Amino acid sequence: MQAEQISIFLENRAGRISDVTGILSDAGVNIRALALADTSDFGVLRLIVDKNEKAEQALKNGGFTVRKTPVVAVGVDDRPGGLHNILEILKKTGINVEYMYAFIQQSGNKAIMIFKFDQPEQAINALEKNQVTVINGVDLYTL
């Protein structure tokens, strides 16, 4: 039930994100979601794309350091408290959210969030046990 995220390590300087998007554009890879974390010297660009293998190869050929990371896509009720309810389930089971970010599309009355957990299998089990929608990678990449 996990999805795959591509993480790209970037120098924190003008034009580096554009370099990444240019490579992906030229390779015909569509970015579905992204998050950027940075420090004064470097950044980590996290992407959900429609063609993981193609993106990874194109970026490596372009000289970027790329890593794949398993993440979990979750349907979150799109209403006040929707995210809080999911975080409470995780809190009660002792699962840590290492980071999270939003996906670009809604699915019905649910927003889609991408989570990185310290215990992904336990998180998936706890969420599904509480009737939370977990979206598999194949479905996520085609939304």
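**Group meeting: strand pairing and selected residues in a predicted model**

Strand β1, residues 3-11, pairs with β3 in the antiparallel sense over six bridges. Two strands are said to pair if DSSP finds at least two bridges between them. Helices (H or I, at least four residues) and strands (E, at least two) are DSSP runs, numbered from the N terminus.

Residues are numbered from 1 along each chain as its sequence is written, and side-chain values use heavy atoms, with hydrogens and water left out.

Let me stay with β1 and β3. Within this pairing, Phe9 has Val44 of β3 as its bridge partner, and Ser7 stands opposite Arg46 in β3. Strand β1 also pairs with strand β4, residues 65-77, in the antiparallel sense, over seven bridges. There, Ala3 stands opposite Val71 in β4.

Strand β3 has a further partner. Strand β2, residues 31-38, pairs with β3 in the antiparallel sense over seven bridges, and β2 and β3 form a hairpin with three residues between them. Ala37 stands opposite Val44 in β3. How much of strand β3 is buried? Seven of its eight residues, 42-49, are buried, so β3 is largely enclosed by the rest of the structure. Here, buried means under 20% relative accessible area, exposed means over 50%, and partly exposed lies in between, with a 1.4 Å probe and protein chains only.

I turn now to the whole chain. The protein has five helices and seven strands, and along the sequence they follow the pattern β-α-β-β-α-β-α-β-β-α-β-α. The radius of gyration is 16 Å, close to the 15 Å that the globule rule gives for 143 residues, so the protein is as compact as a globular protein of that length. That radius is taken over C-alpha atoms, and the globule rule is 2.2 Å times the number of residues to the power 0.38. Along its principal axes, the C-alpha trace spans about 45 × 30 × 25 Å.

Buried residues make up 43% of the 143 residues. Of the contacts with a separation of 6 or more, 69% are between residues 24 or more positions apart; contact means heavy atoms within 4.5 Å. The accessible surface comes to about 7,500 Å², and 49% of it belongs to carbon and sulfur atoms. Accessible areas come from the Shrake-Rupley method with a 1.4 Å probe; for residues, only the protein chains shown count as cover.

Finally, two individual residues. Is Arg16 buried or exposed? Arg16, found in helix α1, residues 16-26, is buried, with a relative accessible area of 14%. Leaving aside its neighbours within four places in sequence, Arg16 is in contact with Leu10, Glu11 and Phe64.

The second residue is Gln131, in the loop between α4 (120-129) and β7 (134-135). Gln131 has a positive phi of about 60°, although it is not a glycine. At 66% relative accessibility, Gln131 counts as exposed.

Key. This is a predicted model: local features need pLDDT of at least 70, side-chain atom pairs count only at pLDDT 80 or more; totals for chains, interfaces and linings use all residues.
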